[in-house]
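Have a look at it first, then read on.

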Amino acid sequence: MIITLYSTKGGCGKTTLALCLAAYWAQKRSTVLIDADPQASLQLCDREKLPVPVFPDTSDEIGKTIGKLAKDYERVVVDTAGFKRKKNLDALAHADFVLIPCKPSPFDVREALAAVELVREIAQSKERRHRPLHHGIVLTMAQRTAISAQIREDLVASGMPIMSAQIGQRVAFVEAPLAGLPDEGSVAALEIKLLAKEIQRRVKG
């Protein structure tokens, strides 16, 4: 299963989420994390505490890289660039599931809606005719506030593919690049687990 994380809005927690999902799946499945972001933020992680190999690739061959690694690993998680980039299209086109992180703010929602529109265009291409492109928006850095609840409600009402699971604003996620996956039994670890399982269910249908 290939999971591509995509957002053109910086600061939404995309890279951290890619890292945590890959680390979660790596506990039971062979998993690789592809760093397709030129900023190479994943290269700053503490490799000794990272239970998943990181494969950097920002080249024009990203599609081939994804296809090759998908033959060797059960889970391929792709972290794309946090800005508009043509190579992101290849990463999206090869995905089984596109996860779109979105903070509960009007500016982030606008970018998330644009991302959904792009993914749906790719899903309708000839290459994807017999292979559904599943996708969903996940709220990140969410808090129990009226604005968070209202934004979720508005996304659901508009028919957007909003994930039931959401990611809170927690210290464990800030520390993840150096400390690794949030401690088992913590709320942060539970949020990652629920999101990972929801992705799996949506892909399997």
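Take the contacts in the protein chain between residues at least 6 apart in sequence, where contact means heavy atoms within 4.5 Å: 74% of them join residues at least 24 apart. This is a predicted model, so to speak of local features we need pLDDT of at least 70, side-chain atom pairs count only at pLDDT 80 or more, and totals for chains, interfaces and linings use all residues. Residues are numbered from 1 along each chain as its sequence is written, and side-chain values use heavy atoms, with hydrogens and water left out.

The chain has seven helices and six strands; these are DSSP runs numbered from the N terminus, helices being H or I with at least four residues and strands E with at least two. Read from the N terminus, the order is β-α-β-β-α-β-α-β-α-β-α-α-α. The radius of gyration is 16 Å, close to the 17 Å of the globule rule for 205 residues, so the chain is as compact as a globular protein of that length. That radius is taken over C-alpha atoms, and the rule is 2.2 Å times the number of residues to the power 0.38.

Some whole-chain numbers:

| Property of the protein chain | Value |
|---|---|
| Accessible surface (Shrake-Rupley, 1.4 Å probe) | about 10500 Å² |
| Part of that surface on carbon and sulfur atoms | 53% |

Now the sheet. It's open, with six strands in the order β3-β2-β4-β1-β5-β6 and parallel pairing; two strands pair if DSSP finds at least two bridges between them. β3 (54-56) and β6 (134-139) sit at the edges with a single partner strand each, so one side of each has no neighbour in the sheet. From one strand to the next, the twist averages 20°.

Five bridges link β2 (residues 31-35) to β4 (residues 75-79), which run parallel, and Asp35 stands opposite Asp79 in β4. Helix α2 (residues 62-72) packs on the sheet, touching β1 (2-5), β2, β3 and β4, and its direction makes about 170° with that of β2. Axes here are lines fitted to C-alpha atoms, for helices over the stretch in contact, and angles run from 0 to 180 degrees between N-to-C directions.

And the cysteines? A search of the whole structure turns up zero disulfides, a disulfide being a pair of cysteine sulfur atoms within 2.5 Å. For Cys12, the nearest cysteine sulfur is that of Cys102, 7.9 Å away. Cys12 is buried, with a relative accessible area of 1%, and Cys20 is buried with a relative accessible area of 1%. Buried means under 20%, exposed over 50%, and partly exposed in between, using a 1.4 Å probe and protein chains only.
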